[in-house]
Amino acid sequence: MVLGGYASSFVLARDEKGDTVEISVTVNGDTKTDEVEPRTLLVYYLREELGLTGTNVGCDTSSCGACTVHVNGESVKSCTMLAVQADGQEVLTIEGLAPSATELHPMQESFRENHGLQCGYCTPGMVMAACSLLKENPSPTEIEVREGLEGNLCRCTGYHNIVKSVLACSGQDLL
Amino acid sequence: MIPAAFDYVRAHSAQEAISLLSEYGDEAKLLAGGHSLLPMMKLRLAVPTVLIDIGRVDDLSYVRDQGDHLAIGALTKHGFLETNALLNSECPILAHVASKVGDPQVRHRGTIGGSLAHSDSASDLPAAVLALGGTIVAQGPNGVREISSTDFFTGYFESSLAEDEMLTEIRVPKSPGANWNYQKFNRRAQDWAIVGVAAVRVGNSTNVSLVNMGSTPIRAEAVEAALKAGVNAEEAALHAADDTEPPTDLNASPEYRAHLARVLTKRALQASGL
């Protein structure tokens with residue numbers, strides 16, 4: 001590991017390097033083949049290479065969960081995964097969740113119905129994390145929903161209706 | 001934040017990873033789940049020139065019953081440990097501690113071997129394996145060796161793994177039953193522990209380890225000795241910060257951490273009936 005001032009001069013020189021690796025990723029059912037730099041983060045591959053800007057970058061430090069997508073059916077923070085790690089894997093983003101262009105996914109419908117959003121920035125990540133949560137625990141308690149969404153921050157602090165939306169989607173009584 | 005450029009190679013077996021490590025030396029880093037390494041690379045605190053991706057070495061993800069102990073593959077993810085039936089029945093403290101790491105997204109990617117090799121004194125799993133008196137298995141060009149968890153953590157983010165060695169397995173003694181507890185104190189969801197305490201009965205001894213009370217995870221030896229001498233939990237816990245050098249940061253002073261260690265140790269011992 002290189003620390004401190006030494007790192008900056010060393011690292012700037014290395015920034016010019018750009019060897020690429022070919023990856024093939026199935027995103028929302030379509031297989032995409034692209035050349036990427038190994039250091040490309042999955043979220044930037046999705047947003048900038050594929051134009052799938054529904055996945056947001058919030059904190060960029062794997063804290064806020066705005067960049068949550070599914071990889072092989074499980075929620076992950078796409079700011080803390082390299083695009084090369086997704087090579088050969090299945091990625092699902094918020095754009096691929098709805099069954100058609102005119103219908104919403106039940107979780108999206110539930111967020112809409114229960115006003116599970118304020119500014120909307122955290123929403124794609126919240127919806128993806130919530131779908132992963134219900135897949136692992138189809139009938140969570142309120143506490144389990146709150147703990148299950150621990151990795152997603154809502155800066156509007158609109159958690160009450162987010163939790164309500166997830167519980168409603170699980171087919172349980174509302175708060 | 002984008003990491004500095006690096007070359008990427010993928011290893012398909014532990015053997016291949018080790019020969020790549022031998023080839024690239026200390027310029028290379030192993031990438032498992034990446035949930036400790038990638039954040040450090042994004043901050044450019046870590047600047048490896050080669051990343052050896054071992055995330056697809058599938059035969060290193062398991063929990064196996066080996067008679068008196070359990071063997072856990074280095075690439076077993078936290079989320080797997082959390083829900084694994086064998087681990088929950090034979091070593092429940094480890095399954096519980098795995099469930100306290102980060103958040104669900106982190107637990108879908110992070111691996112136990114990665115967490116131990118990263119050797120962060122503020123991490124949950126290293127302290128749990130230390131409390132259990134576990135063994136770390138490392139594979140290098142000259143074969144396999146076993147390292148006691150008490151010898152494994154050597155300094156701030158440093159372990160006794162050699163540059164050309166890969167952590168392949170963790171072995172923990174079976175410790176079924178209810179005599180265990182993990183106290184993780186933090187102020188925000190998904191944070192590291194400001195201080196954590198793991199207490200567990202292993203065979204006839206009561207083991208206690210501390211998170212974030214020094215440059216490595218440590219055993220609370222003074223507490224263990226007091227318990228062995230017959231002192232009750234409340235009085236033994238008063239020794240939790242003895243001979244420690246707790247760090248200082250924005251969250252806590254060393255004095256506050258020492259106080260937390262004593263309080264959390266008392267809670268852990270009382271909750272586990274130890």
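**Helix packing and domain contacts**

User: How do H3(A) and H6(A) pack, and at what angle?
Analyst: In this predicted model, helix H3 (residues 106-113) of chain A packs on helix H6 (residues 159-169) of chain A at an angle of about 135 degrees. Their axes are 8 Å apart. That makes H3(A) oblique to H6(A).

User: Which hand is the crossing of H3(A) and H6(A), left or right?
Analyst: Right-handed.

User: Which residues make the contact?
Analyst: H3(A) brings Pro106(A), Met107(A), Ser110(A) and Phe111(A). From H6(A) come Ile162(A), Ser165(A), Val166(A), Ala168(A) and Cys169(A).

User: How do the residues of that contact of H3(A) with H6(A) divide, nonpolar, polar or charged?
Analyst: Seven are nonpolar, two are polar and none is charged.

User: And H3(A) with H4(A)? At what angle do they cross?
Analyst: H3(A) and helix H4 (residues 123-136) of chain A cross at roughly 125 degrees. Their axes come within 10 Å. H3(A) is therefore oblique to H4(A). The crossing of H3(A) and H4(A) is right-handed.

User: Which residues meet there, in H3(A) and in H4(A)?
Analyst: Met107(A), Gln108(A) and Phe111(A) in H3(A). In H4(A), they meet Thr123(A), Met126(A), Val127(A), Ala130(A), Cys131(A) and Leu134(A). The residues of this contact of H3(A) with H4(A) are seven nonpolar, two polar and no charged.

User: Switching to domains. What does the domain assignment give for chain A?
Analyst: Domain 1 (20-96) and domain 2 (106-169). The centres of these two domains of chain A, over C-alpha atoms, are separated by 21 Å. The contact takes 17 residues from domain 1 of chain A and 13 residues from domain 2 of chain A.

User: What area is buried between domain 1 and domain 2 of chain A?
Analyst: About 1200 Å², with carbon and sulfur atoms giving 55% of that.

User: Which residues in domain 1 of chain A lose the most area to domain 2?
Analyst: Asn56(A), His70(A) and Ile94(A). Together they give 37% of what that side buries.

User: Now chain B. How is it divided?
Analyst: Into domain 1 (7-53), domain 2 (58-173) and domain 3 (180-271). The C-alpha centres of domain 1 and domain 2 of chain B lie 18 Å apart. Domain 1 of chain B puts 13 residues into their contact, and domain 2 of chain B puts in 15 residues.

User: What about the area buried between domain 1 and domain 2 of chain B?
Analyst: It is about 1200 Å², and carbon and sulfur atoms give 70% of it. In domain 1 of chain B, Ala14(B), Ile18(B) and His35(B) lose the most area to domain 2 of chain B, together 36% of what that side buries.

Notes. Residues are numbered from 1 along each chain as its sequence is written. Chains are lettered from A and ligands numbered from 1 in the order in which they are written. This is a predicted model: local features need pLDDT of at least 70, side-chain atom pairs count only at pLDDT 80 or more; totals for chains, interfaces and linings use all residues. Side-chain values use heavy atoms; hydrogens and water are left out. Axes are lines fitted to C-alpha atoms, for helices over the stretch in contact, and angles run from 0 to 180 degrees between N-to-C directions. Helices (H or I, at least four residues) and strands (E, at least two) are DSSP runs, numbered from the N terminus. Angles under 35 degrees count as roughly parallel, over 145 as roughly antiparallel, 65 to 115 as roughly perpendicular and the rest as oblique. A crossing is left-handed if the near helix is turned anticlockwise from the far one by less than a right angle, and right-handed if clockwise. Contact means heavy atoms within 4.5 Å. Ala, Val, Leu, Ile, Met, Phe, Trp, Tyr, Cys and Pro count as nonpolar, Asp, Glu, Lys and Arg as charged, and the others, Gly among them, as polar. Domain bounds come from an automatic or database domain assignment. Buried area is the accessible area (1.4 Å probe) that two parts lose on being put together, summed over both.
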